[in-house]
Amino acid sequence: MRRSWKFLLRPTARQAAALTACLEDHRQLYNAALEHRRTAYAKADVSIRYGDQSADLKHIRSGDPGGQDRWSFSSQQATLRRLDKAFAAFFERVKAGRTPGFPRFKGRSRFGTVTWPKDGDGCRWDSQPEHPAATYVRLQGVGHVRVHRHRPVKGRVKTISVKREGSRWYVILSCDEVPAQSLPATGAAAGIDLGVASLVTTSGGGHLGNPRHLAAIADRLADAQRDLARKQRGSKRRRKAVARVAALHAKVRRQRLDHAHKAALALVRDYDVIVHEALKVANMTRSASGTLDAPGRGVAAKSGLNRSILDAGWGVFLTVLAYKAESAGRELIAVEPRNTSRTCAECGHVAKENRLTQAAFRCTACGHAAHADVNAAINILRTGLALREAAQAA
Ligand SMILES: [Zn+2]
């Protein structure tokens, strides 16, 4: 199976400057390649392909000594491929009859990652210059950068990426052939409901992950964004406000991931079979397409931001849960959400009125009363087990 690891980098001041230059040159390459495609398309109605642009790289490098030629050919190709993907996605959406935005030029704040597609090609994980006790990654044009490797890396390193988040640098390793670590069977199954008060509520009545302090950061983020909107373009205060917003975003991401890991770990330890509701795609794309980065202004901003942070949290959680379940040899079942929150787990009566408040469920037919999320989780479990039985019978 595949897995990725993310570690903090500890570059020297010189290396940090080199990383910044590396990122900036890759960004300019991306933008230049985009410009090339746009003009060719607009002026001559010609479509430029990845192969054409990759072939141009040689000339770009030889024409820019001490500039583009400092970096790895392969990471530059990966950047061109990234642009190619953006175009492929664009044409896909056009074909589907939607009206997507044309791929955009990347500003400094929108280009944070450089990827080396193959360990050993312009980069080397765990390359040892002199300190056998520490871990380093060697990057072409940057040198041996020290890595805060807080856990062991398993499997074979495939790709290496460097990412800037605020003022920090991270290395992300994508590995394959990661050995699965099966956990002993527990004989237990659970349905889980993803919610607002608790990240996860289980059919057994357990609550995992309290997103309340995420909501607190969301409030601060909304304030910081409003503050940013008032600052004058190009001013020093605006730069500071931008940094503050970025730092809060990073904090939200870290906490979200931390919660997701903890909740997912607890679930795979306790249950052989875990059933969850499939997330609605619309919700996920809405948060992925930038609601989080550019929420609306005014009164709705806070609740909208809150909402999108929670939405994104569920997506992150399910991703983490999926790989933990796979690694532990657990079975994960997704069911279509259908009346789970308004169906009585006791008698099956479906009514909107069953749901008294966000937290309280009371069946209007049989009087069964329960925590609304627990009631939903039981329905989810039942649907999942029925699906499983049907699949096994087929
Ligand atoms: Zn009932």
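## Domains, a sheet and a helix pair

The chain is divided into domain 1 (3-176) and domain 2 (182-394), the bounds coming from an automatic or database domain assignment. This is a predicted model, in which local features need pLDDT of at least 70 and side-chain atom pairs count only at pLDDT 80 or more, while totals for chains, interfaces and linings use all residues. Residues are numbered from 1 along each chain as its sequence is written.

Visitor: What distance separates the centres of domain 1 and domain 2?
Guide: The centres of domain 1 and domain 2 are taken over C-alpha atoms. On that basis the separation is 32 Å.

Visitor: Which strands stand at the edges of the open sheet?
Guide: The open sheet has 5 strands with mixed pairing, in the order β10-β9-β8-β11-β12, where strands are DSSP runs of E of at least two residues, helices are runs of H or I of at least four, both numbered from the N terminus, and two strands pair if DSSP finds at least two bridges between them. Each edge strand has a single partner, so one side of each is left without a neighbour in the sheet, and these strands are β10 (207-208) and β12 (331-335).

Visitor: Are α4 and α5 roughly parallel or roughly antiparallel?
Guide: Helix α4 (residues 212-230) and helix α5 (residues 236-270) pack with axes 9 Å apart at about 160°, the axes being lines fitted to C-alpha atoms, for helices over the stretch in contact, and angles running from 0 to 180 degrees between N-to-C directions. Angles under 35 degrees count as roughly parallel, over 145 as roughly antiparallel, 65 to 115 as roughly perpendicular and the rest as oblique. The angle therefore makes α4, relative to α5, roughly antiparallel.
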